[in-house]
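Got a model here that I'd like to go through by question and answer. Take a look at it first, then we'll dig in.

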Amino acid sequence: MKFSEAVVNNKDHNIEWINNLRLISMFAVIVLHTASPLLFGYKSVPLNDWLTGDVYNALVRFAVPVFVMITGALLLHRQYGLRDFLKKRIGRLILPFLFWSLVYVAYRLYNEEFTFTGHLWPDVKFVLNQLKSGAYYHLWYVYLLIGLYLFIPVLGKFVQHATEKEILYFLVIWFLAMLLATPYLSIFNTAVDIHNFTGYIGYLVLGHYLTYKRFNFRALPYIAALVFVALVALISWGTYYLQVKDHELKTFFYEPVGPFVVVLATSAFLIAKYTKLKLNKTVKRICDNAGKYTLGIYLSHALVLSIFDLNDINFTIFNPVLSIPLIAFVCFLLSWLLVYGMSKVPVIKHLVG
C-alpha cells in the first residue's frame, strides 16, 4: 500500500498538536538568538555563563529543522496545481519578506551600520544586494523556505506515490549522505556521489513520515524524551570539549543538517506528537491566535532583540539561567503584539506576515 493512502485514511489528518509545536519552535528560535551572543563570547565571558549559553543552544537546536518538518507534514500529501501552489505559498511569503527586509535595511541605516552615498543608483544597488544576500542574520530561513517551496511540488509527487519502504529508503540514504559529509567521517567517503540527497529536503520527508506513521509502541514517547535529553547533553558537552581542545568555537555538534540535530529534532517531533495537552478554551484561543502570526513573529523578533541589546537588555542583566528565557519570552510577546497590531492597519496588514 502506498504511504499516501495511509495519510488519507488517518483520522488525525487535522493535526492540532502541530500548532503547539510551531509555537514552541518559534519560542526556541528566540531563545537561540538570545543565547547565541553569550556562546560566541567564549573568550570574554565567565565559563559558567558560557556553559549556560551552550546548554540553551543545544536545548533549542531542534527549532528550525522542526519548522521544516512541519512544512513537510502539512504540504507534501496535498494535491494542488503547480501554478496555484507557487502563487499561494511563495506569493504569501514574498511580500512580508520584502517588507521586513526593507525595515531591517532602514533600521541598520538609522543605527549607522552603513550610510548611503547620496547617489540614486549606487544606493538602489546596495539595497538590492541586501535583498539578494539577506538584510539581517535571521532572514536566511526565508531564502531556505523559498527554495523548499520550489522543490515541494516535485517532492510531493514522490511522497504521494511512494510506498513506506521507498520513503524509508530515501531517509536512510539522506542520513548516510549526511554522515559521510561530517568532518570526522569524510574519510569513508567514496567516488559514489550521494550528496544529492543532502540538505533540508530530508526534513520535509521526515516530518511527513513521522506525522502520519502510526507507531504501535507505547514506550516511544518516553524513549524519545530520554533521547532528547541525551542529545542535549551530548551536543552541549561535545561543543564544550571542542572549544577547550581547539581554543575556538566549533559548531560541529550544532550543524542543523547534521546527525546530532537530526536525532534531536526527531525526538522533539515525536514528543510533541504523543504529548496530549488539555488546554482550556482561553489558552487554546490565545495559542491559535499566536499561531496565525508565527511568520510575522519570526520576521520581527530580531528587531526587538536588537532594540533590547541597544538598551543593555540582554543576558547580562542577571544570571543567564533566568535572563535568557525571560528575555526570549518578553521578546516573543512584544513581537506578537507588534505584528498583531500592524495586521489591523489596512495599508500594511498583508505585509507583516
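Q: Which side chain makes a polar contact with the side chain of Q160?
A: Quick heads-up: this is a predicted model, where local features need pLDDT of at least 70, side-chain atom pairs count only at pLDDT 80 or more, and totals for chains, interfaces and linings use all residues. Residues are numbered from 1 along each chain as its sequence is written, and side-chain values use heavy atoms, with hydrogens and water left out. A polar contact is a pair of N or O atoms within 3.5 Å; within protein, one must be able to donate a hydrogen and the other to accept it, and residues adjacent in sequence count only if both atoms are side-chain atoms. At 2.9 Å, the partner of Q160 is Q79.

Q: Is Q160 buried or exposed?
A: Q160 sits in helix α7, residues 140-161. The classes go by relative accessible area: under 20% is buried, over 50% is exposed, and partly exposed is in between (1.4 Å probe, protein chains only). Q160 comes in at 7%, so it counts as buried.

Q: Why does the radius of gyration agree with a compact globule?
A: The radius is taken over C-alpha atoms, and the globule rule is 2.2 Å times the number of residues to the power 0.38. The C-alpha trace spans about 65 × 55 × 50 Å along its principal axes. For 353 residues the rule gives a value near 20 Å, so there's agreement with the protein's 21 Å.

Q: What share of the contacts with a separation of 6 or more comes from residues 24 or more positions apart?
A: Contact here means heavy atoms within 4.5 Å. As for burial, 48% of the 353 residues count as buried. The share from residues 24 or more positions apart is 82%.

Q: How far apart do the centres of the positive and negative side chains lie?
A: Lys and Arg count as positive and Asp and Glu as negative, while His and the chain ends are not counted. Each charge is placed at NZ of Lys, CZ of Arg, CG of Asp or CD of Glu. With 30 positive and 18 negative side chains, the two centres are separated by 13 Å.

Q: Which residues does N57 touch, leaving out those up to four places away in sequence?
A: N57 belongs to helix α3, residues 47-60. Its relative accessibility is 0%, so N57 is buried. The residues touching N57 are L32, A35, S36, L39 and Y254.

Q: Which backbone oxygen does the side chain of S323 reach?
A: S323 is part of helix α14, residues 320-342, and it's buried because its relative accessibility is 0%. Beyond its neighbours within four places in sequence, S323 is in contact with N314, F315, I317 and F318. The side chain gets to 3.0 Å from the backbone oxygen of F315.

Q: What is the phi of D312?
A: D312 lies in the loop between α13 (294-310) and α14. At 57% relative accessibility, D312 is classed as exposed. Most residues other than glycine have a negative phi. D312 isn't a glycine, yet its phi is positive, at about 60 degrees.

Q: How far apart are the C-alpha atoms of L322 and T52?
A: L322 is in helix α14, and with a relative accessible area of 55% it counts as exposed. L322 and T52 are 270 residues apart along the chain. Their C-alpha atoms are separated by 9.9 Å.

Q: How far apart in space are I223 and I307?
A: I223 is in helix α10, residues 220-246, and is partly exposed at 37% relative accessible area. In sequence, I223 and I307 are 84 residues apart. In space, C-alpha to C-alpha, that pair is separated by 41 Å.

Technical notes: Helix = DSSP H or I, 4+ residues; strand = E, 2+ residues; numbered from the N terminus.
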